[in-house]
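Please open the model in a viewer and keep the sequence panel at hand.

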Amino acid sequence: MKKLLLITLLAIFCSTSFSQTSKSPLMGWASWNQFGANINESIIKGQADAISSSGLAAAGYRYLNIDDGFFNGRNTDGSLKTDSIKFPNGMKFLVDYIHSKGLKAGFYSEAGANTCGSQYSGQPGGVNSGMYMHDQQDADLFFKSWGFDFLKVDYCGGLVQKLDEKTRYAAIKKAIDNTGRTDINFNACRWQFPGTWVTTVADSWRMSNDINFSPGSKAEWKSIIGIIDMNKYLAPYASRGHYNDMDMLEVGRGLTAEEDKSHLSMWCILSSPLVLGNDLTNMSAETKEIITNAEVIAVNQDTTSLQGHLISDNGAGLQVWAKPLNGKQSKERTVVLFNRSEAPASMSVKWKELNLVGPATVRNLWSHSDLGGMDSIYTTTVPSHGVAMLKVVGKQTKLQEVFEAEYAWINNFNLTQYGEVLSGQGRVIADAKCSGHAKAAWLGNRDDNYIEFRDVYANMTGNYKLTITYISAGIQSATLTVNGTDTLLQGLNSKALTPANKTIPIKLNKGYNTIRLSNATDWLPDIDKIQIEFNK
Ligand code: GLA
């Protein structure tokens, strides 16, 4: 009897700790890309059946998300009504059905009063069906009464009403928390990076406009490329459990097989949620093989949660992306050689670009083949619109010495409408004179508009030389803060619009250090990068 109790307690403990630590990017399916607002109970049940019987759930796709198309206004007591013709048995029935398949159930709403569907997809039932003025009532209904596990909250009505997105999403998050459910996955669908505040409010946030501008139509390659470009410098804002959402996948919906593989590879190396958008009841063997590639999915689900960085770009469509696996200081890297050009191309990655020293082994994650050991570089031919996705395992690492400003945390970075940034807010801008052809600009002039390098790893406590590469507009100053200790740097003057260096002795701790540059009362120089002499 005692043994039974122990086993039961152990089982409860294990399942609880799993749900609390299972914070890799969400994987599942959502109805929007394939069906638009034309959803109903039998479509959702059919997809739930397919995701569990096809092996997709076993591959990790566990959320079945109902998107827009079910709203039907509100009752006089304010409670939400759903379309009883499309969903004759109601939502609780459907959630129970989805749960009975061992899946999680996802739902959809709006931060303003009127839904996107009511504005763009002929869904009059979406008028006054958004959460605005109904946060707690709706959250209780979705999570306590109906039992949903995920919520995507859109912003079409919010935009029309000119609501403040931070206030709205924080209020909805609070309403979710008030339900007592601690396992709800919350997606803020503001179609752009809405500000660093979102990284603690939501589990994921849509950082781009819709992947396809016409739901139900064929996938567009150029829209996929556009989203990747927009996500390039959002890497510092992703962390364990909190991800840049690049939108639902278009794999199996009209792209070529090479393009489908590139699309999935990039969503994986950039740690986006993986939410399938194709009809699971009618997919080709090739599509299924692509979306169930366990080695590629493992890159997305890797517990380090680092979003990959662009490490080289020839400016003509040949890009190399990399992401550490199994720990920030590990010897394992995923590399994607991405050929966006219109012709096949020879592409390479050098181990030194990955901070690996000496020989390394290479495995191709799409052909599932070990390519053996290479001394310092791997070169292969990559098809047009295709990728070579590799796992590179080195023997030794070199500490990262150069930290590009475009990959640092810009505390007040806050896109407002469609890529427009408020004045006085730090942002990344292109500058051909800077390394990586980009720099952080519009920094300073208020205390929260600082830049922070958060991952400066030293393997010994000690004194090091820090070099800041900057471009100033005349003579400027900055406060350098290393692990909380301030030093005032005066007389920063690059004299011309070419980068200048300032070298300062600093003390670093063993492990991770945070280096901040700020100026509460005046503009900071633009920052190209910082460098620390670790490997001397
Ligand atoms: C917005 C979202 C889409 C989808 C539709 C539904 O456009 O970005 O993902 O949810 O609304 O109307």
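Select His385 to begin. With a relative accessibility of 11%, His385 counts as buried, a term that denotes under 20% relative accessible area, as against over 50% for exposed and partly exposed in between (1.4 Å probe, protein chains only). His385 is located in the loop between strand S17 (377–382) and strand S18 (387–397). Helices (H or I, at least four residues) and strands (E, at least two) are DSSP runs, numbered from the N terminus. The phi angle of His385 is near 60°, a positive value in a residue other than glycine. Most residues other than glycine have a negative phi.

The model is a predicted one, in which local features need pLDDT of at least 70 and side-chain atom pairs count only at pLDDT 80 or more, while totals for chains, interfaces and linings use all residues. Residues are numbered from 1 along each chain as its sequence is written, and side-chain values use heavy atoms, with hydrogens and water left out.

Select Asn355 next. This residue is placed in the loop between strand S14 (345–350) and strand S15 (356–364). Asn355, too, is a residue other than glycine with a positive phi, near 60°.

Now display the ligand and its surroundings. Which residues are closest to the ligand? They are Asp67, Asp68, Lys152, Asp154 and Asp210, within a shell of 13 residues; a residue is counted as near when one of its heavy atoms lies within 4 Å. By class, the shell divides into 6 nonpolar, 1 polar and 6 charged residues. In this scheme Ala, Val, Leu, Ile, Met, Phe, Trp, Tyr, Cys and Pro count as nonpolar, Asp, Glu, Lys and Arg as charged, and the others, Gly among them, as polar. Colour helix H5 (116–120) and strand S6 (150–154): each supplies at least two residues of the shell.

An N or O atom in the side chain of Asp210 is 2.5 Å from an oxygen atom of the ligand. For Arg206, a polar side-chain atom lies 3.2 Å from a ligand oxygen. The side chain of Trp191 likewise has an N or O atom 3.2 Å from an oxygen of the ligand. The protein buries 93% of the 310 Å² that the ligand exposes when taken alone; accessible areas come from the Shrake-Rupley method with a 1.4 Å probe, and for residues only the protein chains shown count as cover.

Remain with Asp154, which belongs to strand S6. Its relative accessibility is 6%, so Asp154 counts as buried. A distance drawn from the C-alpha atom of Asp154 to that of Tyr169, 15 residues apart along the chain, gives 9.9 Å.

Select Gln192, in the loop between strand S7 (185–188) and helix H9 (198–201). Is Gln192 buried or exposed? It is buried, at a relative accessible area of 3%.

Move on to Asn293, in the loop between helix H12 (285–291) and H13. Asn293 is buried, at 4% relative accessibility. A side-chain oxygen of Asn293 reaches to within 3.0 Å of the backbone nitrogen of Glu295, at the start of H13.

Select helix H13 itself (residues 294–301), where Val296, Ile297, Val299 and Asn300 are buried. Viewed down the axis of H13, the buried residues fall within an arc of 150°, so they line one face of the helix; the arc is that of the directions from the helix axis to the C-beta atoms.

Glu452 counts as buried, with 6% relative accessibility. Glu452 and Ile515 lie 63 residues apart in sequence, and 5.6 Å apart in space from C-alpha to C-alpha.

Finally, zoom out to the whole chain. The protein chain has 13 helices and 29 strands, and 56% of its 536 residues count as buried. Its C-alpha atoms fill a box of roughly 70 × 65 × 55 Å along the principal axes.

Methods:
A polar contact is a pair of N or O atoms within 3.5 Å; within protein, one must be able to donate a hydrogen and the other to accept it, and residues adjacent in sequence count only if both atoms are side-chain atoms.
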